[in-house]
2 protein chains.
Amino acid sequence: MEPVTEAPLRRESEFVRLLKLSERREPSVVQVATWVGLGIIEGRLAPGEDLNSVELAHRFSSSRTPVREALMLLEQEGLVEMRARRRPRVAMFTARRIDEIYFVRGHLLSLVGRLVVQHATEDDLAELRKRVAEMVVLAKNGEVDAYFWAHVSLQERMTDIAGNETLKGILDSLALRTMILRHTSLAQPGRLAASVADQERIFEAIEQRDGDLAALLLARATVAAHAAVERSDLARDQDS
Amino acid sequence: MEPVTEAPLRRESEFVRLLKLSERREPSVVQVATWVGLGIIEGRLAPGEDLNSVELAHRFSSSRTPVREALMLLEQEGLVEMRARRRPRVAMFTARRIDEIYFVRGHLLSLVGRLVVQHATEDDLAELRKRVAEMVVLAKNGEVDAYFWAHVSLQERMTDIAGNETLKGILDSLALRTMILRHTSLAQPGRLAASVADQERIFEAIEQRDGDLAALLLARATVAAHAAVERSDLARDQDS
DNA sequence: CGCTAGACTAGTGTCGACACTAAGCCGAGT
DNA sequence: ACTCGGCTTAGTGTCGACACTAGTCTAGCG
């Protein structure tokens, strides 16, 4: 059905990592969860849309059991809403919920900044430098999609360096929730340039081992991302 | 089988709230998840113990489907470990993981403290005062179990007042992970008195609308709880 | 006597069928 | 014409059966 190119593979592997279903689940469950989850993030599946489990089962020529399991996973990550005996739906984000997520995310990213400054080795710094440099190129070329996933990957790497698995898990979960929003907000004029400038400044602070500054910049960058999301249409449309 | 008294009902309803399965799930799933989850928290089910799904299904005279679903819910909360094609087990907590959880929890509780100071109405304060007073009595009488659940309930109420559903969800999840530890650490001599003293001081700070102090005290109380856990046997036993 | 390889068993993941319910539909009554 | 109530049906939650696999036990070999 869909052409299998390089980019989708990158997206998929990143998504699978975020959902932490790499090791644990059966292939069929992973397949369904990835298709539905990426569909939601990329807007192919609209918020509030029904997710008919028999239809999904048919699409992946499996039974409803693994489909159900996949939907439950996505529900835990806040991408799907399931109520007993009712049809599962793609989650709707209220403006209030979005505010909440960014608020918590900002504070936790600050924490990550401090931890990264404490724990990063020289090799870690070199890798981060390389990644930021790549993102600069992507931003200059206006490759929104590639930049988006590079950004996701960068934050994953930073949480790794921070060395707190629990913290990483929470941020991954919040990241999934915000992805649907970030994806569109990055497309705003000037947003890409502003984002990459933030990333460069954050990296510099980390490089100079200035934990307070890194924390501050990360919090500010989160605020900026939040503002961009609020400006985008998506937040308004679903505010109900 | 088990005598249905007042106390178990309190525990169960609190646990159901924390797992957020009140509205969403079928009764059978809720029943299994509650029994297994509380079993883990109370130590009836030991860490590392196998959770045979057919046996559980038989025990609740249901099929394996709802049991599986319940176990998946508990897995998401970190109480159960499931690996593909392997038997589900009661989760094992490493010392490192415990450190991580308390680290994040401390920071987020600080955040809650600040938010509570900002948002609490006079009625909210009155209710908190009442709850703390009740906890003082329970602590004096050495009723560890009742105190424990009152504490859980108090923090639930505070996160409600803080008014950030996302933050509350994260803290609930962390609370579930730490419950198995807190439950035993509270039984240490002097720990109950220390804990209730912390709660009183925290409430006073909130009452005086001193957000910084409330945040500081909450962070400190978390550190104290963490230290108590480290002193308890459980943390050592599972350090592998 | 210890070790490896191969059968066995216990237990998982999946499937298709079934009962039951929520929500849409149609018709009757006001 | 509009509302309310029963009927229909699409779709969920559950079940028991089945295929397959991980872990175990045994027997043969070194």
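Mentor: In what follows, Ala, Val, Leu, Ile, Met, Phe, Trp, Tyr, Cys and Pro count as nonpolar, Asp, Glu, Lys and Arg as charged, and the others, Gly among them, as polar. The model is predicted, and local features need pLDDT of at least 70, side-chain atom pairs count only at pLDDT 80 or more, and totals for chains, interfaces and linings use all residues. Residues are numbered from 1 along each chain as its sequence is written, while chains are lettered from A and ligands numbered from 1 in the order in which they are written.

Let us start with DNA strand C. The surface near DNA strand C consists of five nonpolar, six polar and seven charged residues, where near means a C-beta atom, placed from the backbone, within 6 Å. Helices here are DSSP runs (H or I, at least four residues), numbered from the N terminus.

DNA strand D has 19 residues around it, and A:Ser53, B:Glu26, B:Ser28, B:Ser62 and B:Ser63 come nearest. At least two residues of the surface near DNA strand D come from each of helix H3 (53-59) and H4 of chain A, and from each of helix H2 (27-42) and H4 of chain B. H4(B) gives the most to this surface, with three residues. By class, the surface near DNA strand D has five nonpolar, six polar and eight charged residues.

The relation between the two chains comes next. Chain A superposes on chain B (RMSD 0.0 Å) by a rotation of 180° with 0.0 Å of shift along its axis, fitted by least squares on C-alpha atoms with pLDDT of at least 70 in both copies. This is the relation of a two-fold axis.

Chain A and chain B each bring 22 residues to their contact, residues being in contact when their C-beta atoms, placed from the backbone, lie within 7 Å. On the side of chain A that touches chain B, helix H4 (64-76), helix H5 (95-119) and helix H8 (165-185) of chain A are the elements that give two or more residues. H5(A) supplies the largest share of that side, seven residues. The side of chain A divides into nine nonpolar, four polar and nine charged residues. Because 100% of the interface residues of chain A are also interface residues in chain B, the copies meet through the same surface.

One pair of helices shows this contact in detail. H5(A) packs against helix H8 (residues 165-185) of chain B at an angle of about 55°, with the axes 7 Å apart; axes are lines fitted to C-alpha atoms over the stretch in contact, with angles from 0 to 180 degrees between N-to-C directions. H5(A) is therefore oblique to H8(B). H5(A) contributes A:Arg97, A:Glu100, A:Ile101 and A:Val104, and H8(B) contributes B:Glu165, B:Thr166, B:Leu167 and B:Ile170. These residues comprise four nonpolar, one polar and three charged. (Angles under 35 degrees count as roughly parallel, over 145 as roughly antiparallel, 65 to 115 as roughly perpendicular and the rest as oblique.)

Notes. Contact = placed C-beta atoms within 7 Å.
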